[in-house]
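Let's walk through this structure together, from its overall layout down to a few local details. Keep the 3D view open as you read.

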Amino acid sequence: MDNMLENLNPEQLAAVTLPSQSALILAGAGSGKTRVLTTRIAWLLKTGQVSTSGIMAVTFTNKAAKEMMSRLSTLFPANTRGLWIGTFHGLCNRLLRLHYREAALPQAFNILDTQDQLSTIKRLLKTNNIDDEKFPPRNLMYFINGAKERGFRASVIEAQDDYERKMVELYGLYEEQCQREGVVDFGELLLRSCELLEKNPVLREHYQERFRHILVDEFQDTNNLQYKWLKLMAGNNTAIFAVGDDDQSIYAFRGANVGNMLSFQHDFNVQNLIRLEQNYRSHGNILEAANTLIAHNTHRLGKNLHTDAGEGEPIRVCEAPSDLNEVQWILDEVNHLIGDGMSRSEIAVLYRSNAQSRVIEHGLFSAGIPYRVYGGLRFFERAEIKHAIAYLQLIDNPDNNAAFLRVVNFPARGIGARTVEQLQEMSRIHDVSLYGAIPYVSGKAGTALASFVRIIQTIRAEVKEMNLPSLIQTTLEKSGLLLHYQSEKEGADRIENLEQLVSAATLFLSEEGFSLEAPALLTEKMTDGLNAGNPLLAVDSVIGADIPLPMIMSPLAAFLTHASLEAGENQADEGQDALQLMTVHSAKGLEFDAVFITGLEEGLFPHENSAREEDGLEEERRLMYVAITRAKKRLYLSYAQTRMLHGQMRYNLSSRFFSELPDRNLKWLTPRKQSMYSGIPQRKREPVAQFDKSFAVEKQTPASFGRNSEWRIGETVFHKKFGEGVIVSLEGQGTAVRANINFGRQGMKLLDLSIAKLEHVS
DNA sequence: AAATATCAGCTTTTT
DNA sequence: GCTGATATTT
């Protein structure tokens with residue numbers, strides 16, 4: 001045990017060895033947060049204060065949960081089976097599967113991801129003849145999720161006006177529809193779990209008694225409902241160990257409430273507040289810049305990171321004439337870094353929004369530098385995978401209408417909109433699911449539908465004794481999905497993905513401790529043995545030893561859950577040493593030797609929409625703070641005077657964040673670099689194999705850039721009254737030149753340059 | 001019912 | 001500039 005605590009600094013050690021009381025750990029970026037969390041768990045176990053079944057650890061992402069599990073198993077190699085380590089949603093799912101009767105859910109409930117939820121809502125609006133212009137599905141979704149987050153059912157919301165009344169009504173209809181179809185959205189997992197514990201004192205007390213220690217990662221990201229859930233799970237004898245950093249709270253837009261950190265201190269009478277301020281990641285210049293920037297925020301709990309590492313390199317800053325030049329500069333610097341021996345995977349290029357990745361990708365592709373983009377479509381979100389999953393969901397639960405509608409006519413089998421309408425009518429009249437309504441439709445439509453039923457039933461029959469991978473393989477074949485993609489021109493990738501689904505299932509079984517031979521479908525025997533009408537039966541078995549996953553879910557159900565709760569990594573260029581491209585949001589929690597923060601322009605970063613939200617700018621600043629603190633050795637900042645975005649040229653001022661960073665840590669490269677890159681490559685030219693060549697040979701500047709003029713489009717100028725602005729366009733010649741200038745908040749001004757006194761800034 | 005044309009919209013994102 | 005969702009054609 002001693003060596004486990006050996007290399008901790010005094011604050012980390014104090015946190016790890018705190019007595020059994022609730023505590024708040026303010027863990028700065030790069031301060032060893034995960035290490036403290038896992039060592040704390042190992043320490044609790046090794047000192048015999050608690051057994052594995054008395055510990056619950058909650059994270060936000062599956063990745064973080066996995067990381068915690070794997071680090072823990074090196075610290076504490078004994079059996080970690082009884083531990084509840086997982087995401088909020090994963091643990092709620094576990095709870096609801098165990099106590100599905102008390103939660104009034106079918107045992108085979110399916111989980112809706114965001115896409116599914118949206119299409120469910122669209123379908124709801126359609127069946128109720130609601131004008132989706134007046135009630136956009138997306139808005140209704142936000143309304144519903146927002147209400148659930150605040151813990152409100154439709155029945156308890158008091159609408160203020162007619163519009164809201166309608167929204168509440170639709171929310172109620174949505175609840176009913178989901179209940180009928182046996183599906184549960186992400187918010188519902190949390191809300192239903194909370195209600196389960198609230199209404200059921202036996203269960204509540206059981207869990208409150210059981211969990212002596214609850215550890216929460218990234219506590220600043222909890223929303224109100226998640227916080228409520230934690231309060232319900234924690235009893236008088238439970239110590240909550242909350243780790244978070246208010247300066248890294250970047251998810252307010254999806255309901256995260258930093259205020260939970262204050263409520264927590266109050267609600268749990270927190271006596272122990274520990275700050276981890278020693279940073280083990282970044283060099284001095286980088287850390288100082290981060291500290292200075294974040295000091296511009298008000299309402300902080302307060303924290304200042306320090307490091308023992310030296311100053312290191314200054315932060316390099318580049319002002320590029322255009323987004324293309326910005327990329328060119330990045331390529332240049334990247335080549336230097338690689339030339340100096342840095343591996344590509346240690347270099348990250350960050351941007352505020354995904355739309356910015358395209359130019360960068362194009363540049364990297366042309367230069368032949370391997371890269372990997374994070375974000376975008378993930379494995380379980382791909383259309384072909386969603387189709388396959390829908391077939392599997394139908395086999396698991398034929399009442400799942402969303403799944404039914406997705407594949408009833410895919411591959412096409414002559415079941416069109418008309419037929420589906422008939423089916424919906426019958427489903428309403430006879431109060432059955434769409435699948436259950438099929439026998440009520442006759443005629444030609446009925447024949448087409450019957451062929452669909454035959455497919456599903458054939459699969460169900462054939463698959464009875466099969467294990468999961470074979471079940472999926474059979475489903476892919478009998479559903480006609482494979483055949484369909486085989487005849488499609490660009491179906492090769494899709495078939496490859498479908499085949500990967502089979503191997504993903506095999507992998508999943510071994511990871512979750514399922515036997516490969518076990519039948520994939522839930523058998524009657526399992527159902528009876530587990531929960532034969534006795535609400536406490538599941539609890540009883542929990543009290544003894546924990547029920548392993550294979551006992552509460554069939555392999556198929558578990559796999560479907562996995563598909564919904566874990567969208568899967570983006571698997572492009574797996575294993576290759578590649579440059580890392582991602583948004584600042586997805587970089588949170590990661591670290592790199594070198595980091596480029598690109599597109600530092602007003603309107604982009606900070607994003608223009610942030611100005612409209614309360615505390616929006618502060619969140620953008622925290623975002624910038626997160627970005628800066630990703631860098632270990634080298635940090636590069638850049639922006640472009642002109643940028644093509646959404647098919648339009650934009651002329652942005654440089655980001656205000658530059659004025660919030662200390663000059664002494666920055667090294668502006670621009671005067672030198674600008675002349676090097678001032679040849680602006682024309683757009684709409686065919687992509688060239690090598691950028692360098694294009695720069696050397698063709699370099700024509702568009703005429704509109706007014707070569708003879710003293711002024712240039714895209715350059716930053718200073719005006720006495722309006723402050724800094726960017727020249728958007730120039731008209732006229734000689735002495736009669738007028739300029740359109742973007743003065744940011746002051747708006748756009750048309751100035752006669754022979755009258756207005758402007759100064760060059762860039 | 002399937003194939004093709006047109007049109008809005010467009011921050012960040014995990015579960 | 002590209003994607004996804006409707007409108008229109010065949």
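Chain A is divided into domain 1 (10-101 + 191-278), domain 2 (112-180), domain 3 (315-378 + 571-668), domain 4 (380-535 + 549-567) and domain 5 (715-760), with bounds that come from an automatic or database domain assignment. Between domain 3 and domain 5, the C-alpha centres lie 29 Å apart. Their contact (heavy atoms within 4.5 Å) takes six residues from domain 3 and eleven residues from domain 5.

A word on the ground rules. This is a predicted model, in which local features need pLDDT of at least 70 and side-chain atom pairs count only at pLDDT 80 or more, while totals for chains, interfaces and linings use all residues. Residues are numbered from 1 along each chain as its sequence is written, chains are lettered from A and ligands numbered from 1 in the order in which they are written, and side-chain values use heavy atoms, with hydrogens and water left out.

Now for the chain as a whole. Chain A has 31 helices and 21 strands; these are DSSP runs numbered from the N terminus, helices being H or I with at least four residues and strands E with at least two. Of its 762 residues, 55% count as buried, meaning under 20% relative accessible area, whereas exposed is over 50% and partly exposed in between (1.4 Å probe, protein chains only).

Next, turn to the DNA. Around DNA strand B there are 30 residues, of which Asn62, Thr114, Arg352, Gly416 and Thr583 come nearest; a residue is near the strand if one of its heavy atoms lies within 4 Å of it. Helix 18 (417-430) and helix 28 (584-587) each supply at least two residues of this surface. Of the DNA atoms within 4 Å of the protein, 56% belong to sugar or phosphate and the rest to bases.

Which backbone atoms lie 2.7 Å from a phosphate oxygen of DNA strand B? A polar one of Asn62 does, and so does a polar one of Asn354.

Finally, look at some backbone details. The peptide bond from Phe605 to Pro606 is cis, with omega near 10°, and Pro606 is found in the loop between strand 13 (592-597) and helix 29 (616-628). Asp615 also has its place in the loop between strand 13 and helix 29. Asp615 has a positive phi of about 60° although it is not a glycine, and it is partly exposed, with a relative accessible area of 44%.

Definitions and conventions
A polar contact is a pair of N or O atoms within 3.5 Å; within protein, one must be able to donate a hydrogen and the other to accept it, and residues adjacent in sequence count only if both atoms are side-chain atoms.
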